[in-house]
Amino acid sequence: MDLQHIEFEALVHAYNKDLYRYAYWQCKSKALAEDMVQETFMRAWKALDKLENIKAAKAWLFTILRRELARHYQRNAASESSLEEIKFENIPGDEGIGDIEHFNLNRAIKALPDEYREPLLLQVIGGYSCDEIAKILDIKPGAVMTRAFRAKQKLRQVLLGNKSDSKMSEISK
Amino acid sequence: MNCLDVRRILSTDSSHNRLELEEHLASCSSCARFVVETEQFEAVLSEALHIDVPDGLADRIILSKSMAAKRDKRQRRNKYFAIAASLFLTVNLVGGLLYINAPYALDQVALRHVVDEEHHLYEKNNIQLAQLNNVLKALNVRLDKNIGKTTYAGLCHIRKYRGGHVVMQGKTSPVTLLLMPGEYVSQQASMNNSKFSGVILPIKNGSVAIISKDKTDLEHYTRAVRQSLHVI
């Protein structure tokens, strides 16, 4: 097997899970998430000689995946998402969720506005810092922090109830 | 750093350096409690987001890449075959067009002409050299001397040019000379079909086909034409 094949397989093994999880939360469909990740790696394979720095591989793959998702949504508008939402909502425990609290959290993650969910996913799944997320999304680091905060605030409200509302509203002032 | 700063940092950037916060946390139980709640929340959030990945995903990705690479290779090979086939077709088409003017095609035309006008082989005329050259003058050729008893001499069309059709008596059977101005051949070539044999000779303004059933007559008239037929 030549070096390029070895490098490609190493990238697949290293990043396929994070890419899948990111894709899943963005498109809310297992099948579509897998298709998107497949397509991402196909494109990565064709452009592998352009990857000069292996340290940039993860960000590079995430960028390809984001573009694939954007292309998909441009082609298919909103026709799929409503059906998947219904399926998701009717199957608590489908994603290994143990109880209703987790089910509610997962539904809340899905319901986050895109501009809030994306920084959250890149932070928690991608492991990127605010500065790195700012570069990926082409927004200011301050905007990343604000959006991530608002995402967590919404999810925290779901998970912890209104107990922390007063504390959180104090912080946001 | 005050409570508000600490909580804002913990809520927006959980990867923030904790050392900066430790001094405040050491003296503020409320914020310390907040840290614990935040860490618990982050753990639950992380667990929720890190869903199970379908088994074998990596293997399927690698397999898809291999299949795609094979498909690309096959498509490239097919493309090369298609180009080769197109070239082959073009060469044959052009070659076929050129073949019409090639000696080998010309020989079949000449043989067929003799078959089609076989009745001339049985003419009983006795045409003198001067009369023969009178006919051949139209084709810009002449015979220097009598090379055999001429029983027929006439003009005809052979393919797209006007030619001469001459029949002479051989030792055993008639010999046909087809004079073909404009039909060039690069060298002498033999020809035959089920009835006749012959040769095609190049001359200055085209070619001459000499056709007979008898090989000996053929050799005689081939020599005679080479020596005595000239372009004027």
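Predicted model: local features only at pLDDT ≥ 70, side-chain atom pairs only at ≥ 80, totals over all residues.
**Chat: the A/B interface and its salt bridges**

Trainee: Why quote an area for an interface?

Mentor: The size of an interface is often given as the accessible area lost when the parts come together.

Trainee: What about polar contacts across the interface?

Mentor: Seven residue pairs are in polar contact between chain A and chain B, with both residues at pLDDT 80 or more.

Trainee: Now charges. How many salt bridges are there between chain A and chain B?

Mentor: Two. In one, the side chains of E34(A) and R60(B) meet at 2.6 Å, N to O. That pair runs from helix α2 of chain A to helix α4 (residues 57-99) of chain B.

Trainee: Is E34(A) buried or exposed?

Mentor: E34(A) is buried, because its relative accessible area is 16% and the cut-off for buried is under 20%. R60(B) is partly exposed, at 31%.

Trainee: Where do E42(B) and K152(A) lie?

Mentor: E42(B) is in helix α3 (residues 29-49) of chain B and K152(A) is in helix α8 of chain A, so this pair also joins two chains. The two side chains form a salt bridge at 3.1 Å, N to O. Both residues are buried.

Trainee: What does the pair of E118(B) and K195(B) tie together?

Mentor: Parts that are 77 residues apart in sequence. E118(B) sits in the loop between α5 (103-116) and α6 of chain B, and K195(B) in the loop between β5 (189-192) and β6 (197-203). E118(B) is buried at 17%, while K195(B) is partly exposed at 40%.

Trainee: Which residues do salt bridges with shared partners join into one network?

Mentor: E39(A), R43(A), E68(A) and R71(A).

Trainee: Switching topic. What is the secondary structure of chain B?

Mentor: Seven helices and eight strands. Chain B has 232 residues, and 43% of them count as buried. Its accessible surface is about 13200 Å², with 54% belonging to carbon and sulfur atoms.

Trainee: What share of the contacts in chain B is between residues 24 or more positions apart?

Mentor: 51% of the contacts with a separation of 6 or more.

Trainee: Last one, backbone. What is phi of K28(A)?

Mentor: About 60 degrees, a positive value, although K28(A) is not a glycine. K28(A) lies in the loop between α1 and α2 of chain A. K28(A) counts as buried, because its relative accessibility is 14%.

Trainee: And N140(B), what is its phi?

Mentor: Near 65 degrees, positive too, and N140(B) is a residue other than glycine. The loop holding N140(B) is between α6 (129-136) and β1 (141-143) of chain B. N140(B) is partly exposed, at 41% relative accessibility.

Technical notes:
Residues numbered from 1 in each chain as written. Chains lettered and ligands numbered in written order. Heavy atoms only, no water. Salt bridge = Lys/Arg side-chain N within 4 Å of Asp/Glu carboxyl O. Polar contact = N/O pair within 3.5 Å; in protein donor to acceptor, adjacent residues only side chain to side chain. Helix = DSSP H or I, 4+ residues; strand = E, 2+ residues; numbered from the N terminus. Buried < 20%, exposed > 50% of the residue type's maximum accessible area, 1.4 Å probe, protein only. Contact = heavy atoms within 4.5 Å. Areas by Shrake-Rupley, 256 points an atom, 1.4 Å probe, with all protein chains shown as cover.
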